[in-house]
Amino acid sequence: MGQERGIEVENLVREFRKGPRAVDGIDLRVEPGEVYGFLGPNGAGKSTTVLMLTTLLPPTSGTATVAGYDIVKEGPQVRASIGAALQEAALDPFLTGREHLHLQAALHGLSRKERRRRGQELLERVGLEEAADRRVRGYSGGMKRRLDLALALVHSPRILFLDEPTTGLDPQSRSALWAEVSRLAREDGVTVFLTTQYLEEADVLADRVGIIDRGKIVAEDTPEVLKAEIGRPSVEATPAERSERDAVVRVLSEFGEEIPAQPGAVAVRLSGGAAGLADVVRALDKENVRVANLRLDEPSLDDVFLAKTGRSLEGAGDDDEMDEAQA
Amino acid sequence: MGGFFQVAWAVAARQVYKYFTNPAFLAPALFPLFFFVAFAGGLTSVGDVPGFEYAAGYIAFQYVWALLQAVSMGGAFTGFSIAGDFENGFARRLMLAASNRYGIILGYTMASLVRATMTGTLVTVIALLTGMPISGGFDFFGLIALAVLANIAATLFGAGVAMLLRTQQAGPVIRTPIFLVLFLAPVFVPLSLLTGWIEAVARLNPFTHILQAARGFLAGDPTSVASAFTISAILILVLALWAVYGLRRAEKAG
Amino acid sequence: MTGSSFLTQVLALARRSTVRTMRQPAVIISALFFPMMFFSINASGLDAASKIPGFPTDSYLDFAFAFPLIQASLFGAITAGSDLARDIESGFFDRLSLTPMRPVSLLGGMLAGVVALGLLQGVVFLTIGLLMGVDISSGLGGMFVIVLLTVLVALGFGGIGAILAIRTGSVEAVESAFPLFFVAIFLSSINLPRDLIEQDWFRFIATINPISYLVEGIRSLVITGWDPQALALGFGFAGAIVIVAIGGAAASLRTRVA
C-alpha cells in the first residue's frame, strides 16, 4: 500500500477548560521504524499528546497524521494502524491474561483459531505463558505492563505508543521491557513513540529525543547531539594527600578549564572529549601525582533540560500545577 | 482513676469534633428516616388490621422503631470510625499515649451518645412534622432512657468488632447483625399479630422487648418495662465485656 | 486485518461480562440472598396486613412476591452499571476503544450480562417462592411471563444504570444512585395495594411512579391470574423504560467517544 508513513504533527494544541494549555503548539516528525523518545517532567503534556495521537482526545487545534491518516478525520484508520500501552495498565482484574488477549483479538476480527495462536505467541513473547491462565488481579506491576504491551501488539500494528511504560517497575522488569522494545524496533521495524520521565530510558532506547516542558518542545535531536550541544565531558580527581592538591590542579588544567568540584577534589572540563581521560591518567602518572579517585562525568539529558529550561528534570514536575486530567 | 476519664474525654472530644466537621455524621439517620417515611406513609392502613391496638396510632408506632434504629445504627457505626482510626494509624498512637486504655472505649461511647442525641432529635422532628400526635401520659424519660441504653449497647458492639478486626472489613460484620436485630422484630405490627417463624425469632430477639417498652412509653401505656430495662442492662454488660475483649486483642496486636 | 462484525463484538463482550460476574461469587450470592432475605422478613412481618379489610388476597406472601424480583433487577442493574463505570474509570474502555469495537457493542455486552443475571434471578426466585408456598394463579404459563417481565424490568434498570455510568464515568456516582432507586421502589404499591394507602401524598406518588405498574403487572400473574389491564400496563411501562433508557445510553455514548 505504498510506503510506510510515520507520525507528523503540526502545531498541535490542547486546551482544557481551566488552566493553561496542556499542549501548546508542538511540531514533530517521527520517521517509520524510528524510536522517538518524548521526555519531560510530570505535567509537561506528554500523556495529553499521546492521547491525541491515539485519537482518544480531540485536539483543540493543529493537525497530525499517524501512519498517514488524519487523527481527527480518519480516526478508525489511525486506530487500526496503531497499538498503545497507556499509563494506566487498564486491565480487568477478573479476567486472565489469556482471556484479555482473546478478547482483544476477537474485537480486532481475528478468527477463533487465529486468536488462540496469536494469544499464545504474544504470551510467550512477553514471558507470561505461566501466568497466562491466572486472573490479572494476582499479577505484579511488571506482569501487568507486559500484558499491556502484548495487548497493544495483538493486531501487529506498525506504530506503537508507549506512555511511561516502565514507571514504577523494578529494575529487572524495566530491562526486560527495554529489551523487547528495542527488538520490536530493530527486528520488526515497528515505529515506537515512547514517553518517559526517565533520562536513562530516553538515552538508551530512543533514536531521537524530544524534550517537552509545559506543553512546548524545548529541544529535539539524537541524545548524543543534544548532550554534545550542552557541553563536553568533565573529569574530577581527588588527590591522595591534601598536599598534592596544587599538583593535581596543575596537571588537570592542561586539559581544560577548571570547574566547580566536590569538596577536596579538582575538576576540569575536557576540551578534547571523553577520550582525553586516558591522557589525563598518563599525565598524572608522569608527574607522579597520586590520586585517590578519578571520575569521568558526561553531561546528561538532565543537563540538557536544565540548560533549556533553567530547571532540573528530576523534580521539575513537582513544581508544576498543571493538571493532565482528561476532560 | 483520673487517667480513665481524661482519656475518655480526649477521645470523645476528638470524635465529636470529627462529627461536626463532616456533615455525613448524620448519615445513620437516613436509613431509619427513609423507612419511617415509607412505612408510616405507605402502611398506615395496617393499623386497621383487627387486633392492632396501639393508642398512639401507626405513625407513632413506626416512629419508635425509627428512633431506636437511628440511635442503634449510629452507635454501631461508631465502629466504622474506630476501624478507620486503626487503618490510618491513629488508634495505635492513641493506645500508646493513653494512660488508661479502657477510657478509650468510654470516650467513643460518649461521642456516640452525642451523635445519637442529634440523630434522635432529627428523627423526632421529622415525625412531628408528619403529624405524629403526642398523647397524654407520654413518658418522655422512659423513652429517652431506652434510646440511650440501646445506643450504648450498639456502640459497644461496634467498638468490639472494630477493635478485633481493625480494618474496614469490619463494616459488613457490624452492619449485618445490626440489620438482622432491627428487622427481626415487630417492625410492622405488634408482636401479638406476628405469626410463623418470625414470631418465634422476634420473641427471642432482645431488641423486641426494648422496642415494645419504648412504644409503651410513647403511648402512655407502659408494657414490659422491667424486662426491657433488665435486658438492656444485661446487653450492656455483655457487650462491654465484648468491647474490652476487642481492646485486649488490639493491644496484643500492637 | 478487517474489523469484526457487530454481533461478534457483542458476543465477545457479553461473554466477558458474564464471566466476570460469575467470578464474583459474593455478588451472585448477594444478588440472590438479600432480596430473598428481605422478602421473607417482610412477608412474614407483614402477614397480618392481609387481614386489612379490602385486601385482595389472604396470603401476603403471594402479594409480596413481586418485591424480590424487582429489587433483584435493580441490584443487577446497579452492579452492571458500576462495572461499566469501572471500565471507563480504569481506562479499560479506552483500551477497547482503540480496537474496531463500536462503543455500542460494549453497551450491548453489558446489557446481555444484565439479561443473563435477570434470567438466573427470575428462575431461582420462582423456584424458591414455589417452595415457600407461593401460589401462582396463572399457572405454568404465568411463570414464563413472570420471568419475561422480570428480565424486561432488569433490562430497563440496566439501561438507566448504563446512562449513569456513561455520563458520570464514576463507580461511586453509580453506586450512590442505588439508595435513590431503593427509595423509588418503596414509594410505590410494593407493600400495599394503591387503594389501601391511606396517606394521600403517598398514594399520589405511588400512582405516578412507573414502578408501581411493574410491580402490579407481576403481582397480577401471581394473585389474579390473567389480568389484561395489569399486564398491558406492566409490559407497557417496562417496554417504555427499556426504550428510553437504552436509547439514552446509546446517545450518551456518542458524546463520550471522539
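Okay, let's start with a distance: in chain A, the C-alpha centres of domain 1 and domain 2 are 41 Å apart. Domain 1 takes in residues 7-91 plus 139-227, and domain 2 covers 232-298; bounds like these come from an automatic or database domain assignment.

Before I go on, some housekeeping. This is a predicted model, where local features need pLDDT of at least 70 and side-chain atom pairs count only at pLDDT 80 or more, while totals for chains, interfaces and linings use all residues. Residues are numbered from 1 along each chain as its sequence is written, and chains are lettered from A and ligands numbered from 1 in the order in which they are written.

So what about pLDDT, the predictor's confidence in each residue, from 0 to 100? For chain A the mean is 87, and 94% of the residues reach 70 or more.

Now the overall picture of chain A. We've got 12 helices and 14 strands; these are DSSP runs, H or I over at least four residues for helices and E over at least two for strands, numbered from the N terminus. The C-alpha trace of chain A spans about 75 × 45 × 40 Å along its principal axes. Of the 327 residues in chain A, 44% are buried. Buried means 20 or more other C-beta atoms within 10 Å of the residue's own, exposed means 12 or fewer, and partly exposed is in between, with C-beta atoms placed from the backbone.

Let's zoom in on helix α10 of chain A, residues 276-286. Which of its residues are buried? They're A:G276, A:V280 and A:L284. They cover an arc of only 80° around the axis, so they sit on the same side of α10(A). That arc is taken from the directions from the helix axis to the C-beta atoms.

Just after α10(A) comes A:N288, with a positive phi of about 60°.

Last stop, chains B and C: 22 residues of chain B are in contact with 20 of chain C, contact being C-beta atoms, placed from the backbone, within 7 Å. On the side of chain B that touches chain C, α2(B) gives the most, with four residues.

How values were computed: Two residues are in contact if their C-beta atoms, placed from the backbone, lie within 7 Å.
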